[in-house]
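Q: Please take a close look at one helix and the residues around it. Start with how the chain as a whole is put together, then zoom in.

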Amino acid sequence: MNIIITGGGWAGCSAAYMARKQGANVILIERTDLLLGTGLVGGIMRNNGRYTATEEMIAMGGGDIFKMIDENCRHTNINFPGHAHASLYDIAKTPVAITNYLKEIGVEIRLQERIVRAQVEDGVLRSIQTSSGEVYAGDVFIDTTGTAGPINNCSKYGNGCAMCVLRCPSFGGRVSLTGVCGITEKTGKKADDSIGAMSGSCKLYKESLAPEIVETLNTTGVAVIPLPEELMENHLSVKACQQYALKEFAENIILLDTGHAKLMTPYYSIEKLHKIPGFENARYEDPYAGGKGNSMRYFDMSPRTNALQVKGIKNLFCAGEKAGLLVGHTEAIVTGVLAGFNSTRFLRNKPLLELSRKTAIGEAIAYVNEEMEKKEGLGKKYTFSGSVLFEHMKKLGLYETDINKIEENIKKEGLWNVFAS
């Protein structure tokens with residue numbers, strides 16, 4: 001079983017892990033020089049309903065990635081406005097741990113390879129070619145190229161390239177494998193019906209902040225600094241991460257400690273920032289032009305089944321943001337695991353797995369698929385940690401923090417250790 005995965009973010013890494021554990025030969029292709037994508041500057045795990053989804057995946061036997069994240073957390077069980085029992089992973093240690101693990105289990109990682117062509121015959125993807133001229137033939141392909149960028153989208157629908165961690169000027173913009181195959185994809189919208197959405201946070205060098213702020217971050221993981229009205233900037237409506245579109249995130253500077261100081265707003269004027277006590281010397285780490293904007297996301301999402309098979313190409317699967325308007329690392333990981341698992345079931349001529357809608361993960365995958373068929377659904381964002389999907393989870397009684405109850409439900413649905421089989 002030869003499986004080719006394009007895109008080395010959280011979804012691609014998780015798909016590679018699961019496909020390899022199922023016995024496949026796996027090549028993971030990433031256009032930049034590092035794995036994890038936006039996970040390189042992310043870090044928030046287990047907040048609100050993400051706790052439920054994490055423990056469900058562990059109970060289903062596909063939780064090795066989550067266990068590694070837990071081992072590399074700087075803070076656990078913290079609270080910040082609108083969010084409970086969150087963990088914050090170390091953005092320096094975690095990418096290295098994941099990369100080393102994938103290598104150890106035998107995943108071939110090809111960095112600085114960007115796809116440019118696909119050979120499709122009778123609805124079957126035979127091979128892909130990269131900008132270096134390399135051709136990769138496979139039995140099954142998984143598209144985890146994400147939905148952010150490239151620069152033209154950030155310029156047309158955002159505030160221009162802000163030099164974010166995706167580094168399009170250095171490694172070329174994102175290319176959608178599904179799109180290269182000739183499949184028509186969908187584009188998300190903002191609340192005002194305009195196209196795309198902006199990444200929801202920036203990173204400040206912790207060393208550029210006042211010692212007392214650094215001490216608070218290192219000790220508690222969170223710092224909340226009230227803003228005078230004249231220094232408030234309200235960018236809540238443009239955020240991809242609508243779970244953080246609460247008034248507290250406009251009225252305060254909210255920082256989280258992921259190694260750097262994670263500033264929970266898409267962008268904030270550096271001139272205004274320097275007027276706040278303790279931020280006189282503040283400097284952005286990501287994006288470098290953090291006072292201007294951030295990456296634009298949710299372009300080019302694949303039409304897919306609830307088994308994450310791309311419609312129109314028999315041997316192509318998708319995960320992460322390619323699978324729809326799902327926001328976050330947890331969401332990328334759980335869809336990556338399912339896509340990796342189903343890619344091997346496809347090659348074994350076994351029925352593809354669709355997770356029960358009586359689980360948080362299964363409901364999220366199916367619910368988002370349904371909502372994206374509606375015009376109003378394309379204007380929303382879905383995450384286990386807040387906004388539309390979290391409220392939907394609570395309404396259905398799917399939000400649970402008791403691990404024993406989560407495990408009981410997984411067993412009841414016949415999914416106990418299903419990914420370990």
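A: Take contacts between residues at least 6 apart in sequence: 73% of them join residues at least 24 apart. This is a predicted model. The chain holds 14 helices and 19 strands.

Now the overall dimensions. The C-alpha trace spans about 60 × 50 × 45 Å along its principal axes. A compact globule of 421 residues would have a radius of gyration near 22 Å, and the chain, at 20 Å, agrees with that. Buried residues account for 62% of the 421 residues. The chain exposes about 15800 Å², and carbon and sulfur atoms supply 48% of that area. As for charge, there are 47 positive and 47 negative charges, and their mean positions lie 4 Å apart.

Zoom in on helix H2, residues 49-59. Of its 11 residues, 10 are buried, so H2 is largely enclosed by the rest of the structure. Buried here means under 20% relative accessible area. The buried residues are Gly 49, Arg 50, Tyr 51, Thr 52, Ala 53, Thr 54, Glu 55, Glu 56, Met 57 and Ala 59. Note that Arg 50, Glu 55 and Glu 56 are among them.

What comes before H2? A loop runs between strand S3 (44-45) and H2, and Arg 46 sits in it. Arg 46 is buried, with a relative accessible area of 8%. Its backbone deserves a look. Most residues other than glycine have a negative phi. Arg 46 has a positive phi, near 65°, and is not a glycine.

What follows H2? Gly 61 does, and its phi is positive too, near 85°.

Next, a neighbour of this region. His 85 belongs to strand S5, residues 83-89. His 85 is buried, at 15% relative accessible area. Leave out residues up to four places away in sequence, and His 85 touches Arg 46, Asn 47, Asn 48, Tyr 51, Asn 77, Ile 78, Asn 79, Tyr 399 and Thr 401. Tyr 51 is one of the buried residues of H2, and Arg 46 lies in the loop between S3 and H2.

Helix H3 covers residues 64-71, and its buried residues are Ile 65, Phe 66, Met 68 and Ile 69. Viewed down the axis of H3, these fall within an arc of 160°, so they line one face of the helix.

His 85 and Asp 139 are 54 residues apart in sequence, and their C-alpha atoms are 41 Å apart in space. Thr 144 lies in the loop between strand S10 (140-143) and helix H5 (151-157). Thr 144 is buried, with a relative accessible area of 7%. Beyond its neighbours within four places in sequence, Thr 144 contacts Ile 5, Thr 6, Gly 7, Ala 11, Gly 12, Ala 319 and Lys 322. Pro 150 is also in the loop between S10 and H5. A cis peptide bond joins Gly 149 to Pro 150, with omega about -5°. Most peptide bonds are trans.

Notes: Residues are numbered from 1 along each chain as its sequence is written. This is a predicted model: local features need pLDDT of at least 70, side-chain atom pairs count only at pLDDT 80 or more; totals for chains, interfaces and linings use all residues. Side-chain values use heavy atoms; hydrogens and water are left out. Buried means under 20% relative accessible area, exposed over 50%, partly exposed in between (1.4 Å probe, protein chains only). Helices (H or I, at least four residues) and strands (E, at least two) are DSSP runs, numbered from the N terminus. The arc is that of the directions from the helix axis to the C-beta atoms. The radius of gyration is taken over C-alpha atoms; the globule rule is 2.2 Å times the number of residues to the power 0.38. Contact means heavy atoms within 4.5 Å. Accessible areas come from the Shrake-Rupley method with a 1.4 Å probe; for residues, only the protein chains shown count as cover. Lys and Arg count as positive and Asp and Glu as negative; His and the chain ends are not counted. The place of a charge is taken as NZ of Lys, CZ of Arg, CG of Asp or CD of Glu.
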